Amino acid sequence: MKAIVRIGNWEFELKQVFARKTEKFGDKFESSAVITITDGTPHIELLINKNDDEFTRQDYRDFKAFLSMLGMNKAKYARFKQGNKKEVEKTS
């Protein structure tokens, strides 16, 4: 999957993705996230889990596989610990 595609006189650039954790498209979802690509680096934002759902190791692998499909090998996200925000950069 390419992040930039040219069709006719238009260039389409993938800059933001809304992700949902669900069994199939259209079903209710347990978690969601927004991935915004800025200067070629994806920023995982607004990661929200509903009910008792937790972000698992498999969820991490799924995000990593998606970003790898886009040709990206690093991502940034923010973690909160005891009310303090810490920005983290992960490289695969």
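Modeller: One definition first: Ala, Val, Leu, Ile, Met, Phe, Trp, Tyr, Cys and Pro count as nonpolar, Asp, Glu, Lys and Arg as charged, and the others, Gly among them, as polar. Please also keep in mind that this is a predicted model.

Colleague: How is the lining of the second largest pocket divided by class?

Modeller: By those classes, the lining of the second largest pocket has eight nonpolar, three polar and six charged residues. This pocket holds about 250 Å³ of space, and of the 17 residues that line the second largest pocket, the closest to its centre are Ala19, Arg20, Lys21, Asp62 and Phe63. At least two lining residues come from each of β3 (16-21), β4 (31-38), β5 and α1.

Colleague: What is the volume of the largest pocket, and which element gives the largest share of its lining?

Modeller: The largest pocket has a volume of about 700 Å³, and β6 gives the largest share of its lining, with seven residues. By class, that lining has twelve nonpolar, five polar and nine charged residues.

Colleague: Why is Glu11 called exposed?

Modeller: Glu11 has a relative accessible area of 55%, and exposed means over 50%, so Glu11 is exposed. Glu11 is found in strand β2 (residues 10-13).

Colleague: What makes the pairing of the Glu11 and Arg6 side chains a polar contact?

Modeller: The two side chains are paired at 3.3 Å, and the cut-off for N or O atoms is within 3.5 Å, so the pair counts as a polar contact. Leaving aside its neighbours within four places in sequence, Glu11 is in contact with Ile4, Val5 and Arg6.

Methods: Residues numbered from 1 in each chain as written. Predicted model: local features only at pLDDT ≥ 70, side-chain atom pairs only at ≥ 80, totals over all residues. Heavy atoms only, no water. Helix = DSSP H or I, 4+ residues; strand = E, 2+ residues; numbered from the N terminus. Buried < 20%, exposed > 50% of the residue type's maximum accessible area, 1.4 Å probe, protein only. Contact = heavy atoms within 4.5 Å. Polar contact = N/O pair within 3.5 Å; in protein donor to acceptor, adjacent residues only side chain to side chain. 1 Å grid on protein atoms, 1.4 Å probe; cavity = no way out; pocket = protein on both sides within 12 Å on 5 of 7 lines; lining within 4 Å. Points joined across faces, edges and corners; volume = space filled by probe spheres on them.
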